[in-house]
Amino acid sequence: MLNLNFSGCLSIMNQSQLKPYIIIIIEETHPVNFRSFVNILNKLNLSFVIAPDSDSAIFHAEYTNPDVILIPFNSNQGNPQETYHKLKQAKITKNVPVLWMNSYSQLNLQTLNSFMTGDDAFNPFTKSKDYSDYLPTDITIRSLKKQLQIQQELLIQLQAENQHLKRLASLDDLTQLANRRQFYNYLQEQWDSCEEDYLSVILCDVDFFKLYNDTYGHLAGDYCLQKIASAIETAVRRVREPEPYLVARYGGEEFAIILPYLDLENARKVAEEIQLQIHSLKIPHRSSIISSYITCSLGVACSIPSASSHLQELISAADQAMYQAKSQGRDQVQVAKN
């Protein structure tokens, strides 16, 4: 199916992500005029289905989920009002916009043919041309264009909102780093893709952070965590870009870093860079037992994913290394033993 090519309408999104426009047309009795109208829709790259009556339109709507339905207003063929009411009573089509084609059976054949002949074929979206002589066609096409533009704008807005919600669901509110859920999702992805290659994890815990909160208050504590989060991100980005990585808030005052395709020794160097970056912040911590400033304890672990290993073992190894750093005096990096 083809998408509608409105200039600039898809500038902020990939066109392939959007739902194609489907138009159901209830057939016009004047065969020449109707064929000419269909030719115009083809020239505009619109996807459409032709239905002989309202029942057929309702049937097609179940499978095409149309954006708009066109009805010819022709008193010589049935009752157009009855067609309209049938569409509005059917569950599948009651909320689909309906446009009337009441002027098409009055169009002059020569005028219709002139739309589609020559190198400069009729284009109702070209404002540089004067189509005042073709007002009946122009009004219907412009109405159709307006309706589809509304559908497009709503779809773009919905997709933008969905992207925003998806982003919020994967971020930590305070630090704007990845949250714990995103950490596990990314770790699982990398575990699957790093088979027979290195995958390293660093866990980082802020030393004596409860004492910091008790001394300076929770607002200061939140600001401290934001500064640390930024420092960790800066340190990892400096060492790793353009290679892949993820920095996440693992919980409370604990952070986690995933480093695909990086061995244990180089992961240790990343941890040491993080430690240096946090030192450079010089955030005062008068209640710390080991320093006048905020410090962190870091644990590093590495694994080569395989069918006989599990990612939880990697996290557990990094966690044990981090607690070893804490038990041996804090403000240091410890590496898990293989």
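**View 1. A negative surface patch comprises Glu189, Asp192, Glu195 and Glu196.** Patches consist of residues with over 30% relative accessible area and no salt bridge, like charges being joined within 9 Å and nonpolar side chains (Val, Leu, Ile, Met, Phe, Trp, Tyr) within 5 Å. A salt bridge is a side-chain nitrogen of Lys or Arg within 4 Å of a carboxyl oxygen of Asp or Glu. Glutamate 196 belongs to the loop between α6 (180–193) and β5 (199–206); helices (H or I, at least four residues) and strands (E, at least two) are DSSP runs numbered from the N terminus. Glutamate 196 is exposed, at 69% relative accessible area. Buried denotes under 20%, exposed over 50%, and partly exposed in between (1.4 Å probe, protein chains only). The model is predicted: local features need pLDDT of at least 70, side-chain atom pairs count only at pLDDT 80 or more, and totals for chains, interfaces and linings use all residues. Residues are numbered from 1 along each chain as its sequence is written, and side-chain values use heavy atoms, leaving out hydrogens and water.

**View 2. Leu211, Ile289 and Ile290 form a nonpolar surface patch.** Together these residues have about 270 Å² of accessible area. Leucine 211 lies in helix α7 (residues 209–216) and is partly exposed, with a relative accessible area of 34%.

**View 3. Zero disulfides are found in the whole structure.** A disulfide is a pair of cysteine sulfur atoms within 2.5 Å. For cysteine 224, the nearest cysteine sulfur is that of cysteine 296, 8.0 Å away. Cysteine 224 is buried, at 1% relative accessibility.

**View 4. Cysteine 302 is in no disulfide.** The nearest cysteine sulfur, belonging to cysteine 194, is 9.5 Å away. Cysteine 302 is buried, at 17% relative accessible area.

How values were computed
Areas by Shrake-Rupley, 256 points an atom, 1.4 Å probe, with all protein chains shown as cover. Lys, Arg positive; Asp, Glu negative; His and termini not counted. Charge placed at Lys NZ, Arg CZ, Asp CG, Glu CD.
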